[in-house]
Amino acid sequence: MNGFHFKNNRWHSDGVPLSKIAEKVGTPAYVYSLPAFEDRFKEIDQAYKTVPHLMAYSIKTNDNLSVMSALSKLGSGTDVVSGGELFKARKAGVPANKIIFAGVGKTDEDIAYALKEGIRYFNVESIPEIVAINAVAKKIKKIAPIAIRFNPNIDALTHHYISTGKKENKFGVFLGDLDKVMKTVRESHSVRWTGVHAHIGSQMTQTGSVGKAAKVVEQIVLKLRREGFPIYDVNLGGGYGIDYQGEKPPKASQYAKQVIPVIKRLNAGLLLEPGRFISGNSGVLLTRVVYVKQSGKKTFYIVDAGMGDLIRPALYEAYHRIAPAEGPQKPVQTVDVVGPICESTDFFAKNRKLPTAKRGDLLVIFSAGAYGSVMGSTYNSRPLAPEVVTRGKRFAVARRRQTWQDLIRLEKISR
Ligand code: LLP
């Protein structure tokens, strides 16, 4: 069985009891099931098998080298948003021609690096960026392949902090600027425009917005082709939601039903940038209870992981399931699960009914494979947690725990 399951009174990642991992590597620690990542990748890949497509796994969700390498072996490409992500993807063995580069603030250095590596294309987010890419490409005597990201002004019906396709969001080019974009590209002889991109938001739990975005993109592609631009690549981004607390998100095949007809009508190649769908429920965060604190009527489980390890609850009031790694699972008391960091937002659950826990008990925080470790920080000088991967009955430390020495490695005392 792949992923996380409760067997013989203990939670496991694949065939490995999570308590065994915690004993070996300590806590807090991230644990990833590599087969779970692979299964989720295959689910989307299969859903789109009737059209030419490339899955560019969005590594902003989880850029662990072992994870990227496993997905790359299945044929995955990568969606990157910084020079650092591009560097890591290449180190994990992702071929440059399967890498696309998005983000609103690419620097000249990022652009030159990506051109030298020979990436598939840039997802361009503004007119000044077209000008910059053209200038850099000209200087280093390259032709830069580009897709333009448009802002289709569609509500992804998700948390407002992770909605990206509405006109007030900073992402993509305003649709009304299409003529200006065409003019700019015509004047830019070192870019080659081959694709149109739209990504409207993350953690979507219905398919309608994806269908709407596909139709807007279809109209843009048809217009551009009429204007003489040989647009082939249609990139519909990521955003497929996962189950955090019983949302019942659509299956990949249900999204595909909205998209495939458009791709077939256009006779285009599809590119997708799924992140959370692949990584979200393929990882957990392990943490131990340091104290059970009674404060008036409130009970706090103070744990050894904090918002520096998993910031989603603090940032979006995100819900993550929590369970003891072993023993009775029946919720019996209402508690707050909080971290050791000096901030009131340092919590994992508020007023949550959980099983009784005592000092030293191991807890599992679920759905932590996406936007977990990657958003980690060393706030309060707390070293970054290690990342462990499992497959079958084996587990391995894929990234070791940071040490206190690591914390001071970049510093020197100046007077
Ligand atoms: N493509 C683009 C252009 C994106 O901006 C994103 C995510 C993705 C793909 C991947 O989206 P996914 O399939 O994972 O939904 N930190 C927030 C989510 C931020 C989303 C950023 N963009 C969270 O923890 O919920």
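A residue counts as buried when its relative accessible area is under 20%. In this predicted model, methionine 182 comes in at 3%, so it is buried. Methionine 182 has its place in helix H7, which covers residues 178–187. Setting aside neighbours within four places in sequence, methionine 182 touches Trp193, Lys223, Leu224, Glu227 and Phe229. Isoleucine 127 is 55 residues away from methionine 182 along the chain, and the C-alpha atoms of the two are separated by 9.8 Å.

Now to the rings. Eight aromatic pairs turn up in total. Take phenylalanine 6 and tryptophan 11: their ring centres are 5.5 Å apart and their planes meet at 55 degrees, so this pair is tilted. The two partners fall into separate accessibility classes, since tryptophan 11 is buried at 17% relative accessible area, while phenylalanine 6, at 34% relative accessibility, is partly exposed. Ring pairs also tie Phe6 and Trp11 together with Phe366 in a cluster.

Tyrosine 30 and tyrosine 32 make another tilted pair, with 6.1 Å from centre to centre and 35 degrees between the planes. Both of these residues, tyrosine 30 and tyrosine 32, are buried.

Aromatic rings also show up alongside charges. Arginine 40 has its charged end over the ring of phenylalanine 277, at 3.7 Å from the ring centre. Likewise, the charged end of arginine 352 sits over the ring of tyrosine 319, and here the distance to the ring centre is 3.8 Å.

Conventions:
Residues numbered from 1 in each chain as written. Predicted model: local features only at pLDDT ≥ 70, side-chain atom pairs only at ≥ 80, totals over all residues. Heavy atoms only, no water. Phe/Tyr/Trp six-rings, centres within 6.5 Å; stacked < 30°, edge-to-face > 60°. Buried < 20%, exposed > 50% of the residue type's maximum accessible area, 1.4 Å probe, protein only. Lys NZ or Arg CZ within 6 Å of the ring centre and 35° of its normal. Helix = DSSP H or I, 4+ residues; strand = E, 2+ residues; numbered from the N terminus. Contact = heavy atoms within 4.5 Å.
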